[in-house]
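The following briefing concerns a single protein chain. Please consult the sequence and the structure as each topic is taken up.

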Amino acid sequence: MPSKTRVVVVGAGAIAQRRHLIEFKARQDVELLAIVDINAQRARDVAAHFGAPHAMTEFKDALALKPDAVSVCTPNYLHAPQTIAALKAGAHVLCEKPMAISVAETRAMIRAARTARKQLMIAHNQRFVPAHARAREILASRELGKVVAFSTSFAHGGPEGWSVDGEKGFFFKKNEAVLGAMGDLGVHKLDLIRYILGDEVSQIGAAVATLAKPRCGVDDTAFATMAMASGALGQMFAGWIHTSPGATNATIVYCQKGQLHLMDHPDYPLVIRRRGGETAHVTLPKVSNSGVVDAFVDAIRSGRPNPIPGEDGARSLAAVMACMESARTGRFVKPAKIA
Ligand SMILES: NC(=O)c1ccc[n+]([C@@H]2O[C@H](COP(=O)([O-])OP(=O)(O)OC[C@H]3O[C@@H](n4cnc5c(N)ncnc54)[C@H](O)[C@@H]3O)[C@@H](O)[C@H]2O)c1
């Protein structure tokens, strides 16, 4: 293992600047090699700010530098082609969510990782939120009995307040984003539910619409109702519809012997309410970053599998695509199987 893992980041927008690059830069065992963005000035500015020697507009030029790893932080429609190109060039890949824009693409990405024998990790950072990681342990221990039902929500004011390109950013463009709030925020929550319950979506029914932002080319409001393989039932809401600052990012899991309340109280991120009335506020570790970059770099440097491989990202994306099919057809849909 070389003393430093040489990393290329493609897409120098909000998620790269605010999370990936800060977290790569914080590691002594990582060297930032190149920043790629179609906006040449942005590539130069971000490379200068984070001390990367190369700023490029063509991804293939960065792959010619033979990086050890690539972080894909571009608009959704580029995730699959850029991930596959990077894997073929011999790099490990950390790919932002949603993993791709179709189930077929996710399968091609998984195949490319297997053929190249390289790591493919999907950046489902909600899994690393301490309340979520602890909830998974509590549910697995069965101290609250079987999961009966859940309700999970993720909503904020919309990506125009986040993207480096504001309202003109890719998020509102149907041909670049393909998926709206369902793919942006819904995929986080469908992945989270799969993760904390250790379960799979068996069938799902959904409705999506563009209600709050008429100029937006994709859905801004998305609801889904689902049955899990275990038999548990649940609902999910994703929306770019907050009219006040802040976000809703709450999950409640109803079990036979009590309820878990995750991230729905400003002071208590994980509350257990047991049958009989006892309430426990669970003490959680403090974290200073998203955990995604550290998990990715640790996996590639140790040679151990990463915690969110392509197969996992693909199952969450398959649930999202089943929602979109359900919204079109008015029927419940079984998500595509990922081998
Ligand atoms: N894990 C999370 O919580 C999280 C949060 C936000 C965004 N994301 C995901 O990260 C990805 C990027 O989102 P963002 O918020 O940074 O968007 P953004 O609009 O802020 O930035 C996108 C960047 O990609 C660049 N770009 C566009 N086409 C390109 C190309 N062909 N080659 C190189 N660069 C190109 C743009 O110029 C821009 O700088 C999206 O898929 C999004 O869903 C994940």
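Is Thr-106 buried or exposed? Thr-106 is buried, its relative accessible area being 0%; buried stands for under 20% relative accessible area, exposed for over 50%, and partly exposed for values in between (1.4 Å probe, protein chains only).

This is a predicted model, in which local features need pLDDT of at least 70 and side-chain atom pairs count only at pLDDT 80 or more, while totals for chains, interfaces and linings use all residues. Residues are numbered from 1 along each chain as its sequence is written, and side-chain values use heavy atoms, with hydrogens and water left out.

**Domains and their interface**

- The domain assignment of the protein gives domain 1 (5-125 + 291-309) and domain 2 (129-287 + 318-329); such bounds come from an automatic or database domain assignment.
- The contact between them takes 17 residues from domain 1 and 18 residues from domain 2, where contact means heavy atoms within 4.5 Å.
- Taken over C-alpha atoms, the centres of domain 1 and domain 2 are separated by 25 Å.
- About 1,500 Å² is buried between domain 1 and domain 2, with 61% of it on carbon and sulfur atoms; buried area is the accessible area (1.4 Å probe) that two parts lose on being put together, summed over both.
- Five residue pairs are in polar contact across the interface of domain 1 and domain 2 (both at pLDDT 80 or more). A polar contact is a pair of N or O atoms within 3.5 Å; within protein, one must be able to donate a hydrogen and the other to accept it, and residues adjacent in sequence count only if both atoms are side-chain atoms.
- On the side of domain 1 that touches domain 2, helix H1 (residues 14-25) gives the most, with four residues. Helices (H or I, at least four residues) and strands (E, at least two) are DSSP runs, numbered from the N terminus.
- Two salt bridges are counted between domain 1 and domain 2; a salt bridge is a side-chain nitrogen of Lys or Arg within 4 Å of a carboxyl oxygen of Asp or Glu.

**Salt bridges**

- By this rule, the count comes to 18 salt bridges.
- Asp-165 and Arg-42 meet through their side chains in a salt bridge (2.7 Å, N to O). This pair links distant parts of the chain, 123 residues apart: Asp-165 lies in the loop between S7 and helix H7 (174-177), and Arg-42 in helix H2 (residues 40-50).
- Asp-165 is partly exposed at 37% relative accessibility, whereas Arg-42 is buried at 15%.
- Arg-27 and Asp-29 form a salt bridge (2.8 Å, N to O). Arg-27 is buried, with a relative accessible area of 15%, and Asp-29 is buried at 17%.
- A network of salt bridges links Arg-27, Asp-29, Asp-294, Asp-298 and Arg-301.
- In the salt bridge of Asp-191 with Arg-194, the closest N and O atoms are 3.5 Å apart. Because Asp-191 and Arg-194 are three residues apart in helix H8 (residues 181-197), about one helical turn separates them. Both Asp-191 and Arg-194 are buried.

**Helix H4 and helix H5**

- Helix H4 (residues 79-88) is largely enclosed by the rest of the structure, because seven of its 10 residues are buried.
- The buried residues of H4 are His-79, Ala-80, Gln-82, Thr-83, Ile-84, Ala-86 and Leu-87. They pack against several elements, including strand S1 (5-10), helix H3 (59-63), H5 and S6.
- Gly-90, which follows H4, has a positive phi near 95°.
- Thr-106 is placed in helix H5 (residues 103-116). Leaving aside neighbours within four places in sequence, Thr-106 is in contact with Met-99, Ala-100, Ala-314, Leu-317 and Ile-338.

**Loops and backbone features**

- Lys-97 and Pro-98 are joined by a cis peptide bond, with omega about -15°; Pro-98 is in the loop between strand S5 (92-95) and H5.
- Arg-117 has a positive phi near 55° although it is not glycine. Arg-117 lies in the loop between H5 and strand S6 (120-122) and is exposed, with a relative accessible area of 75%.
- Arg-142, likewise a residue other than glycine, has a positive phi near 65°. Arg-142 is in the loop between helix H6 (130-141) and strand S7 (147-155) and counts as exposed at 51% relative accessibility.
- Val-218 is in the loop between strand S8 (201-209) and strand S9 (221-228), and is buried at 3% relative accessibility. Beyond four places in sequence, the contacts of Val-218 include Phe-171, Phe-172, Leu-179 and Trp-240.
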